[in-house]
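Hi there,

Here is the structure I promised to pass on to you. Have a look at it first, and then read on for what I found in it.

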Amino acid sequence: MLELYLGGARSGKSRLAEQRICTAASDVQRIYIATATAGDEEMTARIAHHQHQRRDDGWQTVEAPEELAAAIRNSATANTAILVDCLTLWLSNWLMKDDLPCWHTVRAEFYQVLQRAEGHIVLVSNEVGQGIVPLGTLSRQFVDESGRLHQDLAAMADRVVLVTAGLEQVLKG
């Protein structure tokens, strides 16, 4: 099963996605694939806080700021539930490389891995396409690429949820 949780910053999407994994897949190995990189002190503190929260909840954490397809390929079995948090950080990591053709190849590989993966996979991502068109080139590229990514994943997913103010709105499934 493939699920996509979308929402704005601090919407509650990660918390709800974690709860979904814990309630829907109680008898499987839970794997948290984290895509964040600690670029500054504040992000380092955020990562440490999230790691501490999951420590006692039976999660195995896999750090995959760039190699997300490989992390899923190596982790997904019929007896796993995987939470990927978050796709927009993963996208940012790739866009900062300033190599759009490489990103397109990586994205295509990611799609192929998802289509073949066993188990329960929940993807979390920031919905950024509801605001104004950004001024900077990189910002516009980020909005465009995240929109394409979300549309493709929503088409593949069995279930798509939009989270606003901690409330789920099921869009599909």
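One term before we start: a residue is called buried when its relative accessible area is under 20%, exposed when that value is over 50%, and partly exposed in between. By that cut-off, Glu3 and Arg159 are both buried. Please keep in mind that this is a predicted model.

**The sheet**

Let me begin with the strands. Seven of them make up an open sheet with mixed pairing, and their order is S3-S2-S4-S5-S1-S6-S7. At the edges are strand S3 (59-63) and S7, each of which pairs on one side only. On average, neighbouring strands are turned by 20° against each other, direction ignored.

Is S6 enclosed or open? Five of its six residues are buried, so S6 is largely enclosed by the rest of the structure.

H1 lies across S1, strand S2 (29-34), S3, strand S4 (80-85), S5, S6 and S7, and runs at about 175° to S5. Helix H3 (residues 68-75) lies across S2, S3, S4 and S5, at about 165° to S4.

**Charged pairs**

There are seven salt bridges in the model. Glu3 takes part in a bridge to Arg20, with N and O 3.0 Å apart. This pair links distant parts of the chain, since Glu3 sits in strand S1 (residues 2-7) and Arg20 in helix H1 (residues 13-24), 17 residues apart. Glu3 has 0% relative accessibility and therefore counts as buried, while Arg20 is partly exposed at 23%.

Glu3 also forms a salt bridge with Arg159, at 2.8 Å from N to O. Glu3 is in strand S1 and Arg159 in strand S6 (residues 159-164), so this bridge ties together parts that are 156 residues apart in sequence.

Elsewhere, Glu145 and Arg107 form a salt bridge whose closest N and O atoms are 2.9 Å apart.

**Nonpolar cores**

The largest nonpolar core has 33 residues, and those touching the most other members are Ile33, Ile72, Leu87, Trp90, Phe110, Leu123 and Leu153. H5 gives the largest share of this core, six residues. To see one of these contact sets, select Ile33: leaving aside residues up to four places away in sequence, its contacts include Val62, Leu68, Ile72 and Leu83. A second, separate core has 14 residues, among them Tyr5, Ile21, Trp59 and Ala81.

**Aromatic pairs**

The model holds four aromatic pairs. How are the rings of Tyr32 and Trp59 arranged? Their centres are 5.9 Å apart and their planes lie at 85°, so this pair is edge-to-face. Tyr32 comes from strand S2 and Trp59 from strand S3, 27 residues apart. Tyr32 counts as buried at 4% relative accessibility, and Trp59 does at 10%.

Trp90 and Phe110 form a tilted pair, 4.8 Å centre to centre with 55° between the planes. Trp90 lies in helix H4 (residues 87-95) and Phe110 in helix H5, so parts 20 residues apart in sequence are tied together. Both Trp90 and Phe110 are buried. Ring pairs also link Trp90, Trp103, Phe110 and Tyr111 into a cluster.

Key
Residues are numbered from 1 along each chain as its sequence is written. This is a predicted model: local features need pLDDT of at least 70, side-chain atom pairs count only at pLDDT 80 or more; totals for chains, interfaces and linings use all residues. Side-chain values use heavy atoms; hydrogens and water are left out. A salt bridge is a side-chain nitrogen of Lys or Arg within 4 Å of a carboxyl oxygen of Asp or Glu. Helices (H or I, at least four residues) and strands (E, at least two) are DSSP runs, numbered from the N terminus. Buried means under 20% relative accessible area, exposed over 50%, partly exposed in between (1.4 Å probe, protein chains only). A nonpolar core is a set of buried Ala, Val, Leu, Ile, Met, Phe, Trp, Tyr and Cys residues joined through side-chain atoms within 4.5 Å. Contact means heavy atoms within 4.5 Å. Two strands pair if DSSP finds at least two bridges between them. Axes are lines fitted to C-alpha atoms, for helices over the stretch in contact, and angles run from 0 to 180 degrees between N-to-C directions. Rings of Phe, Tyr and Trp (its six-membered ring) pair if their centres lie within 6.5 Å; planes under 30 degrees apart count as stacked, over 60 as edge-to-face and the rest as tilted.
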